[in-house]
Amino acid sequence: MINFKIIYKILGSLLFIEASFMLWCLVMALVYEEDDIPTFSISILATAFAGFMLRYMGRNAENRLSRRDSFLVVTLVWVVFSAFGTLPFLLGGYLHNFTDAYFENMSGFTTTGATIIDDVESMPHGILFWRSLTQWIGGLGIVFFTVALLPSLVGGSTKVFAAESTGPIKTKLHPRLSMSARWIWIVYLFITFACMGCYMLFGMDWFQGVNYAMASAATGGFAINNNSTEFFNSPALEYTTIFFCFLSGVNFTLLYFSAAKLKFRELCRDSEFRFYATIVLGFTAFVMAELILRNHYDLEHAFRSALFQVVSFITTTGLYNDDAARWPHVTWVVLSLCMFIGACSGSTSGGLKCMRGVMLFKVVKNELRQRLHPNAVLPLKVNGNNIPDPQRVSLLAFLTAYLLLMLLMAFVMIAAGIDNTNAITICLSCLGNVGPTLGIEIGPTMSWSILPDFAKWMCSIMMLIGRLEIFTVLVILTPSFWTKN
């Protein structure tokens, strides 16, 4: 049976953490003396009270999680966090219905970055900071954050890590998972603060630097200006954004081993990183050529715009420095491929992940060789490690589920009256946690506010499923999950 007491205990503890993050937003509201001070005060009290009640319900719980419990708690945490995250928007009247507020928060916590707000510059600083915090908290995972800070709370932390971490292959820095989580969070913090410092160096004020650094490190994409980074019209800032978004798309464990131990050759030898870098360079060259030939961009402008958009889409960040809706339609295909593939496993990005891309290419290569040599035994090796058959089956199951889910949701969107291009790219964007979409009704620089409420709920579900890599959520919907044995 499911151990509900430990689930209540974990949810209650995490709501206290969410209330503490809201407290930072209250400080921001006090600094700027805006009208969101009472909004955050009430939100903090309500969230902390709910956390206290859940902790009370989970008193005397055993610190033990089964695999079934871990799947349920991870899914519930994202749902509950997003629900309480709506309070600042609703109590302050910044969004007028629960659907919009929930969409905005789910988009933030899953680092999708799709917004329902047409004019973000009209929002008070506390609300803008809350939007940025949601994506930053969700960058490495809410429960992963708990594993780093509260190892005594989660007895089955390895199972929680497996349920929430991204990619087909799980790697650890340290035999103790809580220590691994702390080191990865240190890498995350270093990228965030380094990015913030560079942004301020190149012209942003401290508030802009903090918010855009969180958006870049988390590959979230929530901007505090209506025109995203295009607002600054600064090539230096755009190249800085490209660098830190690209860096945030690299496996954080690999980054740690490469940087902390000064083994940068290991980075270049890694199959997934080489695949990631090759795709970025190849797609950038193609888009750049299209912009020069068809849109008559000069060389530097074409290179910067192409590289920025390719990195933004493949890392599922969603920031922009140009309106890709005005680009040749063939570039939309390239950007859609970026949305589908995603960056590296073990990073803050979404999508299929480059590691799965590497594995799929090797599976196809082996299949071609098997046709010529039917009796050959062909290992599937990535970075010198043999991939066992169960992981190969999981890879194909994930790809099949991903494609079927995308087609099903796209069909539902088209049936709801959304045009074909938008419907397909909306599903790609939500399942890949990308943010922007490609089309006329909802372009890459537009908000998603015109979507009907039904579509917004479908998008919120897709964001959650995509962030938790499909099976963590889908397994809960199976009858066998709820049976006693």
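Buried means under 20% relative accessible area. The close-ups below come from a predicted model.

**View 1. Ile-470, a buried loop residue with positive phi.** Ile-470 has a relative accessible area of 0%, so it counts as buried. The residue lies in the loop between H20 and helix H21 (471-474). Helix H20 spans 453-467. Phi of Ile-470 is positive, about 70°, although the residue is not a glycine. Most residues other than glycine have a negative phi.

**View 2. Asn-433, a buried loop residue with positive phi.** Asn-433 sits in the loop between helix H19 (420-431) and helix H20 (453-467). Its phi is near 55°. That value is positive, in a residue other than glycine. Asn-433 has a relative accessible area of 2% and is therefore buried.

**View 3. Thr-115, a buried threonine in the loop between H5 and H6.**

**View 4. Polar contacts and neighbours of Thr-115.** The side chains of Thr-115 and Glu-104 make a polar contact of 2.8 Å. At 3.1 Å, the Thr-115 side chain also reaches the backbone nitrogen of Ile-117. Leaving aside residues up to four places away in sequence, Thr-115 touches Phe-103, Glu-104, Arg-131, Phe-222, Ser-447, Trp-448 and Ser-449.

Methods:
Residues numbered from 1 in each chain as written. Predicted model: local features only at pLDDT ≥ 70, side-chain atom pairs only at ≥ 80, totals over all residues. Heavy atoms only, no water. Helix = DSSP H or I, 4+ residues; strand = E, 2+ residues; numbered from the N terminus. Buried < 20%, exposed > 50% of the residue type's maximum accessible area, 1.4 Å probe, protein only. Polar contact = N/O pair within 3.5 Å; in protein donor to acceptor, adjacent residues only side chain to side chain. Contact = heavy atoms within 4.5 Å.
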